[in-house]
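Please have the sequence and the model open as you read.

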Amino acid sequence: MSFQPAEKLVLRRFGDDQLVTLAKLAIETAFQPIVEAATGATFGYESLMRGFDRLGFGSPPELLDKAYDVGQLAELEQMINIRAFAGFSGLPGFAHRMLFINIDARLISLGNNFVERLTTQLIKASIRPSSICFELSERFDNTKDPAFTALINKLRHGGFKLAIDDFGVGFNGLKLLCDYPTDYVKIDRHFISGLDASARKRHIVKQIVQMAHMLGARVIAEGVETEAEYVVCRDLGCDLVQGYYIARPTTNVGELQDSYPHLEQAGTGRRQTTTLDSILIRAQVQRLPVVHENDDLDNVFELFRKNPQQSFFPVLGANDEPRGVLHEYHVKAMIYHPFGRDLLKNRIYQRGISHFVTGTPIADLDTPAEQMLKIFAGIDGSDCVILTENLRYAGVLSASSLLKIINEKQLKTAQDQNPLTGLPGNRSIRDYVQDVMRDSSAPRFFCYCDFDNFKPFNDHYGFQKGDLALGLFASLLRHHFVGEDKFLGHVGGDDFFIGISGGNRADVEERLTSLLSDFQTNVLDLYTPEDRAAGAIRAHDRSGGERHFPLMRCSIAVLEIAEGLIHADVNRVSASIATIKASAKANPTGLVFSSLTEIG
């Protein structure tokens, strides 16, 4: 005979009709912080159920399933929500934070009654609907119920926000994201666990992030339990993170913090980028006036009246994060209708700004220009891309501004190219390194090429022969390294750079060895037969004295960054390469490999 906990026996004794009564005694509300990935600041909280085990249930879904079976699901959910709202409204600064609450798909049939109950509860707790985000779980196929679309529209028009929970492991998350306006996508723990050690998971998460941002949704990484997982989520572009590494759920609200400083130090922290894209984008940002979704529509009419040339304005939510745009044509009929304003004020009509919001792409200020253009082009009918910094509104970019940025970038890149070799210069090299270091889906190799004995050759034969040697090496680089996963640059003088993403050390070593061999063979043609036969030339050294110098060759110092390792410090890469350059020059082969971890 199996043993049953005492609480479960109490449940059976009182009967199924007493489930909610017992739940009121046993269930507590726990809050788990959801924080900004870039700063560690608290963005909001997820409301979680605790105490279900006292009733003999192994998990919240088991309790909800039982409540559904006995016809008490709506009453139980109402009780849970009331307690969550009460706890949330008691937190400092709650009006500027979000509360994430799970919604059971089996309540869809309640429709308007469900939304009206929620609104009444929120009014009592002095919480605006815009501060509440309902999580739609993939546990059930929500879209099969004909009432689902009507409920979603009702929630959206009521000002509530929507999130897709457990994205990637359930029935219809992708379908929900495609067919319904979604504010947040919560990537399931399955894809976050061990993310730092799995290239496949990193690739999937990266694609989810890009897809969600293109559709104007923010991404929350669920179940982040280690520093390594957090760093990868942050650097892959996840906007928000949640999990034990940040903070555990707690029923003691005194444990909740405004920010979690340990995130700022994690993984050496995220350094601010100063790429060419970032500089050009910031120069083109247009800081339009904004509409808050809780504003009165009269304020909107006045805004359009004062700005007759502007056809739309960004709409911000409770946290000053973008929700979309409001077009003039959405409210124009009301503006020019003789009774339009009176109609909008009529409580029976009940239309607010939330009814008129149109989704639009959202991107961080540091998003590369080409990627931003793809985001813009991927959404038909978009007027702009809304830009954010640390999730908050920073301005907009129009199509013309984006094209101007791309053209300026191409011009700057052309100016950065070395006129002799036609290869990108230092700025482009730095931007490349900065970008590739954050993509840990494959090994990366940064190769610094430096000629040995180039100055004596240049002094002895003249700069024209020296230029021929540089041109020869540039041609060999293009011959040996072709493809989108290769980057070639000219640092200046006789210093060159090769960037390689993917492959392995053996393949890279073979290719570089072939490059060195070809250069050493071909550069002999630039010497006189006598100097070739002697294997050396006489030239002045740095102190002005004459001596013999060996014939020219190239040495290459290679810094390898392993797959899965993300690093944001470009200066550390430069310093690491500098430490191994001397080793490469002293090596008989002229080729030395080292890794970022080996150098420390």
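**A salt bridge to start from**

Glu 229 and Arg 189 form a salt bridge, with their closest N and O atoms 3.0 Å apart (a salt bridge is a side-chain nitrogen of Lys or Arg within 4 Å of a carboxyl oxygen of Asp or Glu). Glu 229 belongs to helix 10 and Arg 189 to helix 8, so this pair ties together parts that are 40 residues apart in sequence. Helices (H or I, at least four residues) and strands (E, at least two) are DSSP runs, numbered from the N terminus. This is a predicted model, in which local features need pLDDT of at least 70 and side-chain atom pairs count only at pLDDT 80 or more, while totals for chains, interfaces and linings use all residues. Residues are numbered from 1 along each chain as its sequence is written, and side-chain values use heavy atoms, with hydrogens and water left out.

**The chain as a whole**

- The chain has 24 helices and 22 strands.
- Buried residues make up 51% of the 600 residues in the chain; buried means under 20% relative accessible area, exposed over 50%, and partly exposed in between (1.4 Å probe, protein chains only).
- Of the contacts in the chain with a separation of 6 or more, 70% come from residues 24 or more positions apart, where contact means heavy atoms within 4.5 Å.
- The structure holds 27 salt bridges.

- Asp 188 lies in the loop between strand 6 (184-187) and helix 8 (189-192).
- Which side chain of opposite charge is nearest to Asp 188? The nearest is Arg 189, 7.7 Å away, and Asp 188 is buried yet has no salt bridge (Lys and Arg count as positive and Asp and Glu as negative; His and the chain ends are not counted).
- Leaving out residues up to four places away in sequence, Asp 188 touches Asp 166, Phe 167, Val 169 and Glu 222.

**A salt-bridge network**

- Glu 293 forms a salt bridge with Arg 323, the closest N and O atoms being 2.6 Å apart.
- Glu 293 lies in the loop between strand 9 (291-292) and helix 13 (297-306) and Arg 323 in strand 11 (residues 322-327), so the pair ties together parts that are 30 residues apart in sequence.
- Both ends are buried: Glu 293 at 6% relative accessibility, and Arg 323 with a relative accessible area of 8%.
- Which residues make up the network? Salt bridges that share partners join Arg 156, Lys 161, Asp 183, Glu 293 and Arg 323 into one network.
- Asp 183 is found in the loop between helix 7 (173-179) and strand 6, and counts as buried at 10% relative accessibility.
- Asp 183 touches Arg 156, Lys 161, Leu 162, Ala 217, Arg 218 and Arg 323, not counting residues up to four places away in sequence.
- The C-alpha atoms of Asp 183 and Gly 324 are separated by 9.9 Å, although these residues are 141 apart along the chain.

**Two helices**

- In helix 6 (residues 147-157), the buried residues are Phe 148, Leu 151, Ile 152, Leu 155 and Arg 156.
- Viewed down the axis of helix 6, these buried residues fall within an arc of 130 degrees, so they line one face of the helix; the arc is that of the directions from the helix axis to the C-beta atoms.
- Helix 4 (residues 73-89) has 17 residues and reaches 24 Å from its first C-alpha to its last, close to the 24 Å expected at 1.5 Å a residue (the expected span is 1.5 Å times one less than the number of residues).
- Among the buried residues of helix 4 are Leu 73, Glu 77, Asn 81 and Phe 88.

**A hairpin**

- Strand 19 (residues 536-540) and strand 20 (residues 546-550) run antiparallel and are joined by five bridges; two strands pair if DSSP finds at least two bridges between them.
- Ala 536 has Pro 550 in strand 20 as its bridge partner.
- The two strands form a hairpin with five residues between them, and Gly 544 in the turn has a positive phi of about 100 degrees.
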